[in-house]
Amino acid sequence: QVHLVESGGGLVQSGGSVRLSCVTSGIVFNIYAMAWYRQAPGKQREVVAAISSGGESEYADFVKGRSTISRDNAENTVYLQMNNLEPGDTAVYYCNANLFPGLELSPQNYWGQGIQVTVSS
């Protein structure tokens, strides 16, 4: 059984930082592309950052320069460090593992339960 468990969210002041973690089990972590998505109230889910199985990372424009995604294959964990947070970053953040990145309907596309990040002004 596959599990993705996020942690590290909470209430943060504007300008602060947060480090999200996602511990996975039940998958061969080092061959999966990993990503963080977020969904704000009334908005669609959007990708925040992604990292390939080889360690190449990509970022959405709205976090570029203030976020870092990383992975620890020994710990089956992916991280998202976000700095200089803004109230617009308030959302539920989801961890994603996809063996075939870009294929939403892949049976090897897994999601965490989500974790709330709230940025106060």
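Mentor: Happy to. Cys22 has a relative accessible area of 0%, so Cys22 is buried (buried means under 20% relative accessible area, exposed over 50%, partly exposed in between, with a 1.4 Å probe and protein chains only). Keep in mind that this is a predicted model, where local features need pLDDT of at least 70, side-chain atom pairs count only at pLDDT 80 or more, and totals for chains, interfaces and linings use all residues. Residues are numbered from 1 along each chain as its sequence is written, and side-chain values use heavy atoms, with hydrogens and water left out.

Trainee: Is Cys95 buried or exposed?

Mentor: Look at its relative accessibility, which is 0%. The cut-off for buried is under 20%. Cys95 therefore counts as buried.

Trainee: What handedness does the disulfide of Cys22 and Cys95 have?

Mentor: A disulfide is a pair of cysteine sulfur atoms within 2.5 Å, and the sulfur atoms of Cys22 and Cys95 are 2.1 Å apart. The torsion about their S-S bond is about -80°, so the disulfide is left-handed.

Trainee: How many residues apart are Cys22 and Cys95?

Mentor: Strands are DSSP runs of E, at least two residues, numbered from the N terminus. Cys22 lies in strand E3 (residues 18-25) and Cys95 in strand E9. The pair links distant parts of the chain, and the separation is 73 residues.

Technical notes:
Helix = DSSP H or I, 4+ residues; strand = E, 2+ residues; numbered from the N terminus.
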